[in-house]
Amino acid sequence: MSSPEDETTQGSAANHDQAVVGQQVAAPSPGEHSPGEQQAPAPSPGDRQESLAQDALGDPPEKPAEERVPEHAQIAENDTDEEIVAKLRRQGVHLGRGMVFPNVFWPSIIVVVAITVLTMVFPDTSGAVLTSIQTWITVNLGWYYMLIIAGFIVFTLIVCFSRFGKIKLGNDDDEPEFSTLSWFSMLFAAGMGIGLVFYGVGEPLTYATSDPKPGWTGNQAEIAKLSMAQTFIHWGLHPWAVYAVIGLSVAYAIHRRGRPVSIRWALEPLFGERVKGRLGDLIDILAVFGTIFGIATSLGLGVQQISAGLVAMGVVDAVSSTLLIVLIVVITLLATMSVVSGLGKGIKWLSNINLSLAALLLISVLLLGPTLFLLQNFVESLGSYLDNVLNLTFDVGAYTGEEGAAWGATWTIFYWGWWISWAPFVGVFIARISRGRTVREFIGGVLLVPTLLGFFWFSVMGGAGLYRQLFGAGDLVDPEVGVVAEEALFDVLNGLPLGAILSVLAIVVIAIFFITSSDSGSLVVDMLASGGHPNPPIWSRVLFALLEGALAIGLLLAGGLGALQAAAIATALPFSLVLLAMCVATLRSLSYDQAKRDRKALRERYKLFRGLLTEDFDEALGRQVDSRIDYRIDRTRGIFDRPQPGEARRWFQRSRRE
């Protein structure tokens with residue numbers, strides 16, 4: 001119950017409210033002023049001009065989400081862990097024990113561990129399930145994969161050459177963090193890795209000999225050119241368009257808007273506050289799944305090729321499951337050591353070494369092999385690619401039946417799934433290194449430079465295999481099993497001068513790619529599982545590195561390369577929806593940003609124009625009108641011919657028309 005004093009107070013407040021309402025109802029007319037009320041000053045000419053300018057600019061654009069995180073709330077380079085945790089909490093990310101985000105960390109760990117255990121304990125059943133999933137997706141949704149990859153290329157090109165291209169990923173005065181050459185080298189190293197070495201010789205050779213695409217016709221030379229064009233499709237603009245979509249969206253979120261490094265924030269312009277809840281958790285969990293399975297696929301391919309190299313060098317007699325498991329364990333432990341050493345001392349050092357060794361391997365094959373043919377192959381393959389790019393992009397095998405579907409599942413659809421699985425890892429990496437670049441610089445660099453370097457790699461490595469098979473020894477195709485991709489590289493290297501040294505170099509390159517992929521992939525996964533913390537805990541990075549190795553072992557036991565391909569295709573399906581949403585969110589953000597820039601530019605032009613008129617009105621618009629009274633004799637009027645109200649205005653308008 002309330003006291004008398006409370007009732008008195010409430011009554012007084014009610015009376016006051018009624019009085020206020022009465023004052024509002026009995027408000028004075030526009031020409032009147034209540035006693036004691038100070039009359040607002042009349043607007044100045046400058047205020048009226050500003051009002052006119054605002055009317056000309058129109059209503060401001062609708063914000064798709066929070067425009068930009070205040071500077072004091074953004075994570076800075078020198079922040080301590082406590083400061084970072086506090087800033088993440090202000091943005092809706094509440095870390096739990098061990099500095100991990102429990103809503104993402106624990107569901108990801110539980111599912112990945114469960115799949116790993118099932119593939120190890122029930123390899124045959126797991127392999128059958130993965131194969132059935134792959135078959136269903138490729139038969140029923142192969143067209144979808146082909147269409148969205150083409151759509152990503154169209155999206156990135158439109159954004160690149162649109163008016164959005166001048167928007168900077170960062171503050172308007174930010175400069176690029178890395179030199180152009182260093183940026184290009186990091187872009188190339190991020191997206192390909194083990195796959196370049198694994199498929200460099202074997203893929204075009206397979207298409208040209210043992211497994212041509214159903215529907216191809218022509219002589220051997222024509223099929224060989226088509227095989228190079230198909231390889232370029234798989235490793236050129238198409239995968240890098242996927243990386244550009246997610247990289248641009250994440251880079252805009254973290255550099256332009258000040259959000260943490262996490263996939264969910266790239267979709268904030270589309271979903272708003274919901275990215276801070278269950279929807280955002282689901283997005284990051286899908287990104288974690290895609291990254292882990294993409295890395296596990298790469299690790300499985302890497303150990304298969306290392307084992308083939310050891311057989312070719314005579315170190316071991318034959319490839320076995322035991323050998324593959326031992327290789328995964330050893331290299332995963334090396335990757336774990338790199339994780340423990342820290343990103344600066346580990347992955348950067350290894351990446352620089354590996355890029356140099358890969359370049360040395362490429363140049364050695366070019367100079368020691370059929371140099372003229374390899375250069376000619378590069379030029380002619382470019383022409384074949386440009387001639388067939390649209391047809392190969394949209395070729396879903398509608399007229400080749402089950403044979404075409406099986407070929408697509410083994411090659412093109414597998415690649416699209418693999419690239420989408422890799423997209424969170426590569427996208428976050430290239431986003432982090434691209435601060436200060438404009439949108440046009442970012443897309444142009446991401447699409448063109450790695451694409452051209454990849455074309456040259458396959459022209460040299462794949463061309464060396466084609467030359468040996470078509471014009472040389474012709475011993476790279478097994479009559480029963482066809483081309484064995486992991487063995488083809490070492491067969492070609494052993495046929496060159498210094499072949500043994502080049503084989504050792506290739507094994508070292510593959511092993512370091514293995515280590516850097518596991519290390520950097522573990523960092524990205526751990527950042528996502530830690531809510532975007534830039535320095536996630538070492539223990540969880542080690543855990544994810546070990547899980548990636550264990551999952552690679554499980555997939556190899558469940559069916560080898562086929563299981564790896566099936567896992568990549570299956571995990572890519574849900575994340576492809578996230579990529580499509582990113583396209584919409586990015587367009588919305590860029591449209592809002594560009595509208596703001598247009599309004600600012602128009603306002604600046606208006607101020608400049610107003611300043612010029614103020615300084616030199618007479619020269620710009622003729623004799624300035626003044627307020628002097630006309631005292632000419634003929635303007636004197638009598639009592640009957642005095643001007644009536646409004647006549648002066650009508651006379652002035654009539655004189656202007658005359």
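**Figure 1. Exposed and buried residues of helix 3.** On one side of helix 3, Glu 82 and Arg 90 are exposed in this predicted model. The buried residues of this helix, which spans residues 81-90, are Ile 84, Val 85, Lys 87 and Leu 88. Viewed down the axis of helix 3, these buried residues fall within an arc of 165° and therefore line one face of the helix; Glu 82 and Arg 90 are on the other side. Just after helix 3, Gly 92 adopts a positive phi of about 95°.

**Figure 2. Helix 4 and the elements that cover its buried residues.** Helix 4 comprises 20 residues (102-121). The distance from its first C-alpha to its last is 28 Å, close to the 28 Å expected at 1.5 Å a residue. Val 104, Phe 105, Ser 108, Ile 109, Val 112, Thr 116 and Thr 119 of helix 4 are buried. Because the buried residues fall within an arc of 110° when seen down the helix axis, they line one face of helix 4. The cover over these buried residues includes helix 5 (123-161), helix 12 (278-312), helix 20 (499-529) and helix 21 (538-557). Ile 110 and Val 121, on the other side of helix 4, are exposed.

Figure 3. Leaving aside residues up to four places away in sequence, Leu 557 touches Thr 119, Pro 123, Ser 321 and Ile 325. Leu 557 and Ser 321 are 236 residues apart along the chain, yet their C-alpha atoms are separated by 7.4 Å.

Figure 4. Asn 354 is located in helix 14 (residues 347-368). Its relative accessible area is 2%, and Asn 354 is therefore buried, the limit being under 20%. The side chain of Asn 354 reaches the backbone oxygen of Val 509 at 3.4 Å. Residues up to four places away in sequence not being counted, Asn 354 touches Val 508, Val 509, Ile 512 and Phe 513.

**Figure 5. The aromatic pair of Tyr 207 and Trp 407.** A search of the whole structure finds 31 aromatic pairs. One of them is formed by Tyr 207 and Trp 407, with 5.4 Å centre to centre and 45° between the planes, a tilted arrangement. This pair links distant parts of the chain: Tyr 207 belongs to helix 8 (residues 202-208) and Trp 407 to helix 16 (residues 401-410), 200 residues apart. Tyr 207 and Trp 407 are both buried.

**Figure 6. The aromatic pair of Tyr 415 and Trp 419.** Tyr 415 and Trp 419 form a stacked aromatic pair, 5.7 Å centre to centre with 15° between the planes. Both residues lie in helix 17 (residues 412-432), four residues apart, about one turn of the helix. In general, residues three or four places apart point the same way because an α-helix has 3.6 residues a turn. Tyr 415 counts as buried, at 0% relative accessibility, and Trp 419 is buried with a relative accessible area of 1%.

**Figure 7. Arg 437 and the ring of Trp 183.** Arg 437 lies over the face of Trp 183, at 4.5 Å from the ring centre.

How values were computed:
Residues are numbered from 1 along each chain as its sequence is written. This is a predicted model: local features need pLDDT of at least 70, side-chain atom pairs count only at pLDDT 80 or more; totals for chains, interfaces and linings use all residues. Side-chain values use heavy atoms; hydrogens and water are left out. Helices (H or I, at least four residues) and strands (E, at least two) are DSSP runs, numbered from the N terminus. The expected span of a helix is 1.5 Å times one less than its number of residues. Buried means under 20% relative accessible area, exposed over 50%, partly exposed in between (1.4 Å probe, protein chains only). The arc is that of the directions from the helix axis to the C-beta atoms. Contact means heavy atoms within 4.5 Å. Rings of Phe, Tyr and Trp (its six-membered ring) pair if their centres lie within 6.5 Å; planes under 30 degrees apart count as stacked, over 60 as edge-to-face and the rest as tilted. A charge sits over a ring if NZ of Lys or CZ of Arg is within 6 Å of the ring centre and within 35 degrees of the ring normal. A polar contact is a pair of N or O atoms within 3.5 Å; within protein, one must be able to donate a hydrogen and the other to accept it, and residues adjacent in sequence count only if both atoms are side-chain atoms.
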